[in-house]
Amino acid sequence: MSKLTIGLFGFGCVGQGLYNILERSQHESIGVKKIVVKNPEKDRPLPRQRFSFHPDDILKDGEINVVVELTDDADAAFAILKSALQNGKHVVTANKKMLAENLEEIVHLQRRYNRSVLYEAAVCGSIPIIRSLEEYYAHEEISSVEGIFNGSTNYILTRVLEERLSYAEALNEARRLGFAETDPTLDVEGLDPRYKLSIVLLHAFGVVISPELIPVSGITRMGREESEFAQKNSLSLRLCAHAVKQDDKVFAWVMPQFIPLSHHLAHTRLEYNAVQITGEFAGRQLLTGKGAGSMPTALAVLSDIIALQNNYRYPLTKRKSSKCPLFSTNISLNAWVRFDGNQAITWTVFNKVFGGYANAGCQVIVGELALDTIAYLAQQEGVHVVLLPEDFKITSWPAAGTEIRREAAVACVQ
Ligand code: HSE
């Protein structure tokens, strides 16, 4: 396609970033013809006549050949996407919820209408992960894609753990800086990285599943005990997404995790994201960059727009392979589990117990549990779960606690 005439839906943080980048770079063959927004009353940085409030002003405009969808409403975004494709337009979107919830149909619609839907900006902001998986890793046997997929929670955890800001202050900053979703519970409860992970499952492994099947827990339950344990054991705490393939199965989860300070993910700070890909031939590789924010995300949108000039469409090589793994949650992981107060702990939920301690306010057990059990416990009132690395050795419990004798604990689960 030589000339791209864009119809832009949404003029929030990323929409304005894209508009500014396009103004600054003066691409002769790329122009924004119309901008459709929802709320006519809102103050905006461009003259009022630059905006329209009717989707059909873009969708029925025959000159517009690319719809850039940057709204925060997943249902409205999906309706726009379908109508754009039906009307012969390509779509670039950053709406991870809409994508994750409709991936199978979107793959089908692209084929049906012979148009592209590109969404690099939907996963890890400026990090070029989707096209890397599709192009660079197309013929690599990937065994895992793991990392930090949410800028807001990473920003909050960095500011709280390293700079002692309160959780509320750090969250407010993440909102003010344009990192958080309009509804920030999507960030702090881990739902946003879960959407991103389900998109990654398609491009890394060819697997399409409902995001709801991926076990999730967020960062809202992290407290002083976790922070003290991390400090005493040279650990950091991050919200991590994992997709791990073993034989013909792929497992995925999004959970807070203790990470040794010697590991590069522990040094992924503020709104930065990191994606670690492990494959048969390349071994382990790490992509890192800003995962949220107006300009970094807008750059990823622009990169998709430019890819359209070369008639790019995701080849979905892994999806077409006959060796797609099956999604499963039947895996066991090491975890720190904190129970508030003196509630009776059901020891039998642990496959193995490595140790624990108790103090006046809580009891903590560290052990191995089934992922489904971890996900269940993480939703229970007064229970706090953080994953631990596979080969982790506890060096020190918080000073105020009494160690629960390992032999007694182990005897309980046998
Ligand atoms: N709220 C998202 C985040 C924005 O914090 O990562 C980028 O997807």
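These legends describe close-up views of a predicted model. Local features need pLDDT of at least 70 and side-chain atom pairs count only at pLDDT 80 or more, while totals for chains, interfaces and linings use all residues. Residues are numbered from 1 along each chain as its sequence is written, and side-chain values use heavy atoms, with hydrogens and water left out.

**View 1. The largest nonpolar core has 114 residues.** A nonpolar core is a set of buried Ala, Val, Leu, Ile, Met, Phe, Trp, Tyr and Cys residues joined through side-chain atoms within 4.5 Å; buried means under 20% relative accessible area (1.4 Å probe, protein chains only). Leu18, Val68, Tyr119, Val145 and Trp336 touch the most other members. Helix H9 (residues 191-205) gives the largest share, eight residues; helices are DSSP runs of H or I, at least four residues, numbered from the N terminus.

**View 2. Helix H4 (residues 96-113) passes H9.** Their axes, lines fitted to C-alpha atoms over the stretch in contact, come within 7 Å and cross at roughly 25°. H4 is therefore roughly parallel to H9, a term for angles under 35 degrees. Residues in contact (heavy atoms within 4.5 Å) include Leu99 and Leu103 in H4, and Tyr195 and Ile199 in H9.

**View 3. Helix H6 (residues 151-163) packs with helix H7 (residues 167-176).** The angle is about 140°, with the axes 9 Å apart. Ser152, Tyr155, Ile156, Arg159 and Val160 in H6 meet Tyr167, Ala170, Leu171, Glu173 and Ala174 in H7.

How values were computed
Buried means under 20% relative accessible area, exposed over 50%, partly exposed in between (1.4 Å probe, protein chains only). Helices (H or I, at least four residues) and strands (E, at least two) are DSSP runs, numbered from the N terminus. Axes are lines fitted to C-alpha atoms, for helices over the stretch in contact, and angles run from 0 to 180 degrees between N-to-C directions. Angles under 35 degrees count as roughly parallel, over 145 as roughly antiparallel, 65 to 115 as roughly perpendicular and the rest as oblique.
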